[in-house]
Amino acid sequence: MNMKITRLKQLLAATGFIFATGLVQTPALAQQKNDPKFNKMIQESFRADGIAALNRIDQDATQKFCSDPKFADSKQGQAMREKIQKMNMDSIKQPSDGKYIGDWKNGERIAQSGRGATWTDTAETPIGGGCYNCHQIDYKEISYGNIGPSLTGYGKIRGYSPEVVTYTWNRINNSKAYNACSNMPRFAHFKLLNEKQMQDVMALLLDPESPVNK
Amino acid sequence: MQRKLTLGLASGLVAALLTMTSSVSAQKSATDDIAKYREMIADGNPSELYEAAGEELWKKPAGPKNVTLEQCNLGLGPGVVKGAAAQLPRYFKDTNKVQDLESRLMTCMQVLQGRDPEEMIDAPFQKGPKKDMEAIVAYVVTLSKGDKIKVSTAHPKEKEMYDLGKRAFFFQGGPMDFSCASCHAENGKRIRLQDLPNITEQKGAALGWGYWPAYRVSSGQFWTMQQRLNDCFRQQRFPFPIYGSDVTIALSMYMAKTANGGTVETPGLKR
Amino acid sequence: MNQQRRSVLKYSAVFGLMASAGLISTVQAQEWNKAAFEGKGLDDVFKILGAGSPDKSAAVTLNAPDIAENGAVVPVGITTAKAEQMAILVEKNPSALAAQFFIPAGTDAFVTTRIKMGQTSNVYGLVKADGKWLMTVKEVKVTLGGCGG
Amino acid sequence: MADPMRVRAAENGGIVDVKILMKHDMESGQRKDAAGKTIPAWFISTINVKANGKDVFNGQFGPAVSKDPFLNFKYKGAKGDKIAVTWNDNKGDKRTDEATVS
């Protein structure tokens with residue numbers, strides 16, 4: 001088992017994936033100090049507009065921690081990192097109807113849309129998943145970003161086991177449960193997507209009939 | 001179970017890496033084609049239309065005092081426009097502030113012409129007084145085209161602004177947890193097909209800072225740096241950054257200083 | 001079919017006949033061709049322009065990108081050896097005809113402009129030379145860009 | 001009043017390369033305003049270019065030509081030719097600008 005894990009680490013390093021930031025050794029570091037001047041600047045530089053209220057710049061613990069990437073990625077930051085991941089993990093709810101897989105066609109529409117939640121939107125504007133902004137998904141869509149990993153062939157490659165399904169559900173709900181400072185938004189935590197929409201995005205990745213798995 | 005799950009995912013990852021190679025070539029040709037597209041539209045930048053209008057506005061008496069902007073001091077002395085934008089933001093003694101191009105122009109409009117800066121701050125982009133500001137900016141930045149970006153942090157206020165900007169660059173907030181760094185702190189990243197410059201490094205900062213203000217083909221509008229930053233914050237799902245506010249100047253200072261040595265290519269032509 | 005549409009067709013037929021007979025003068029070149037610009041499909045516009053069903057020709061080059069980063073600005077040009085008229089059509093736009101050009105003697109058979117495309121579509125370059133209409137076609141992909149917001 | 005154009009014309013080997021940028025919104029007629037009402041089409045419909053008083057180019061645009069239209073063509077001419085570009089839009093607005101071939 002141990003040997004396997006060592007090999008896995010080598011493989012991940014070789015393919016350029018920096019997986020566990022805790023492996024990187026850094027000199028002694030402390031979290032950046034509260035700076036009244038900075039706080040004042042942030043407070044005075046913004047105004048509320050439409051649905052974009054001023055409380056959007058009030059940081060929660062995760063945001064505060066991740067705004068100091070040097071510390072967040074350091075050995076010294078590890079304990080805090082784990083605490084934040086646990087906090088986010090604990091906030092995840094499994095689907096109320098026990099259903100994980102919805103309609104992949106609708107999931108594709110959600111994945112395509114990067115709209116919603118800006119001051120030019122209203123509370124009624126449907127919020128998109130914005131998935132293609134960062135991920136390759138259906139290989140037929142050539143306009144995709146690469147901030148996140150490719151998800152082409154997601155289910156076909158990983159299989160459709162309950163473990164994969166639960167992991168995927170959790171990751172869409174709250175990516176910070178696995179990586180405290182993941183670039184991926186916390187879709188359930190901030191109610192960006194509702195349960196049904198997340199089931200539909202799940203289907204895009206994990207329905208064997210989805211073009212992602214063809 | 002936790003361990004089994006990790007291993008399952010890991011083998012999935014390996015398989016994903018193997019299948020990725022085939023799609024990489026398709027992606028490469030798509031980005032090559034986009035480069036060709038950009039080349040095709042490079043000739044004939046509609047920014048020129050704004051620049052011409054801006055030059056007229058610069059030389060036209062306006063405001064309650066009915067005076068032109070020709071004596072405006074953009075940092076190189078009253079009336080010197082050529083090369084001035086390449087050295088902004090900078091500290092100005094008369095206002096005792098670090099100012100970017102637009103906040104400095106507001107000072108000139110207030111002092112020379114007697115115009116109320118609040119009217120400019122409150123106006124929507126592309127309309128009313130902002131429309132004039134945008135044309136004037138197009139004129140001023142064109143006169144630094146080809147110059148080297150040369151921003152100083154020698155004055156303590158400049159250094160302070162730079163530090164504040166750097167911190168603001170990594171400041172996460174909003175319902176999507178985004179900061180500037182979410183998209184602009186790594187090399188080789190894209191949103192959809194758009195390359196994202198890594199602004200934490202000189203090369204990337206020069207690619208970003210050096211090409212804005214720009215004519216934006218998607219909106220058919222000339223965008224100043226203030227509008228560019230405003231739209232970044234909009235897409236970050238932040239509240240509305242006040243025009244000319246310190247956070248916008250601090251971020252500009254961080255970008256410009258990081259970009260030092262790069263070339264001013266403004267006005268650019270952007271997607 | 002209502003009265004108005006019928007008269008448009010009648011007018012178009014006459015206009016087309018005149019066009020094919022080479023009777024278009026500068027005066028007509030400066031009279032905006034409403035019927036052609038309001039024609040919906042490709043065939044409609046071909047008919048109104050008097051082009052019938054033009055032959056595909058390698059002599060006509062359409063300079064357009066394979067992928068447009070933004071549908072709001074798609075650079076499109078036509079180059080050929082000889083032309084009296086040229087036109088740019090986009091199959092999937094609400095109205096196919098984007099622009100039409102009249103080339104007097106002494107002016108090169110070359111033009112470049114920029115057009116809007118609502119979606120990925122075939123783009124047609126149409127050329128009338130020595131009274132005969134020729135065409136070329138190329139697909140231009142329009143991609144979704146930015147954060148989509 | 002309509003904003004001025006940018007006209008560039010340069011001669012090389014007896015051929016004059018003319019590049020024109022026009023300032024115009026080219027409203028497509030397909031867009032809706034905030035209230036959901038269709039914004040009516042408003043676009044340059046005809047463009048005429050003369051060199052020393054003689055037609056060298058005529059064009060017609062539909063609303064599918066991009067905002068701030070760009071046009072490039074070439075004619076047989078010489079340095080010093082006087083170029084006059086005139087556009088008309090579908091609301092009756094018009095604009096003429098001139099340039100000298102360099």
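## Chain C as a whole

In chain C of this predicted model, residues 24 or more positions apart account for 65% of the contacts that have a separation of 6 or more. The chain has 149 residues, of which 49% count as buried. Its secondary structure consists of four helices and nine strands, and along the sequence these elements follow the pattern α-α-α-α-β-β-β-β-β-β-β-β-β.

## Strand β5 of chain C

Strand β5(C), which spans residues 85–90, is mostly covered, since six of its six residues are buried. In a regular strand the side chains alternate between the two faces of the sheet. In β5(C) both faces are covered, with Q85(C), A87(C) and L89(C) buried on one side and M86(C), I88(C) and V90(C) buried on the other.

Strands of a sheet pair through backbone hydrogen bonds, either parallel or antiparallel. Strand β5(C) is joined by six bridges to β8(C), residues 121–129, and the two run antiparallel; within this pairing, Q85(C) has K128(C) as its bridge partner. Strand β5(C) also pairs with β6(C), residues 97–102, in the antiparallel sense over five bridges, and here the bridge partner of A87(C) is Q100(C).

## A sheet built from chains C and D

Six strands form an open sheet with antiparallel pairing, in the order β2(C)-β4(C)-β7(C)-β5(D)-β2(D)-β1(D). Its edge strands are β2(C), residues 61–63, and β1(D), residues 6–12, each of which pairs on one side only. With direction ignored, neighbouring strands of this sheet are turned by 15 degrees against each other on average.

Within the part of the sheet that belongs to chain C, β4(C), residues 74–79, and β7(C), residues 107–115, pair in the antiparallel sense over six bridges. In this pairing P75(C) stands opposite R114(C) of β7(C).

## Where chain A meets chain B

The contact between these two chains takes 53 residues from chain A and 46 residues from chain B. On the side of chain A that touches chain B, at least two residues each are supplied by α1, α2, β1, α3, α7, α8 and α9 of chain A, and the largest share, six residues, comes from α2(A). Sorted by class, this side of chain A has 26 nonpolar, 18 polar and nine charged residues.

Strand pairing also links the two chains, for two bridges join β1(A) to β7(B), residues 240–241, and these strands run antiparallel. In this pairing R47(A) stands opposite F240(B) of β7(B).

## Helix α5 of chain A

Helix α5(A), residues 78–90, has 13 residues and reaches 18 Å from its first C-alpha to its last, close to the 18 Å expected at 1.5 Å a residue. In this helix R81(A), I84(A) and N88(A) are buried, and because these three residues cover an arc of only 65 degrees around the axis, they lie on the same side of α5(A). An α-helix has 3.6 residues a turn, so residues three or four places apart point the same way.

What covers the buried residues of α5(A) includes α3(A), residues 61–66, and α4(A), residues 69–72. The face of α5(A) that is turned away from the buried side carries the exposed residues A79(A), E82(A), K86(A) and D90(A).

Technical notes: Residues numbered from 1 in each chain as written. Chains lettered and ligands numbered in written order. Predicted model: local features only at pLDDT ≥ 70, side-chain atom pairs only at ≥ 80, totals over all residues. Expected span 1.5 Å × (residues − 1). Buried ≥ 20, exposed ≤ 12 C-beta atoms within 10 Å, placed from the backbone. Arc of directions from axis to C-beta. Contact = placed C-beta atoms within 7 Å. Pairing = 2+ DSSP bridges. Nonpolar A, V, L, I, M, F, W, Y, C, P; charged D, E, K, R; others polar. Axes fitted to C-alpha atoms, helices over the stretch in contact; angles between N-to-C directions.
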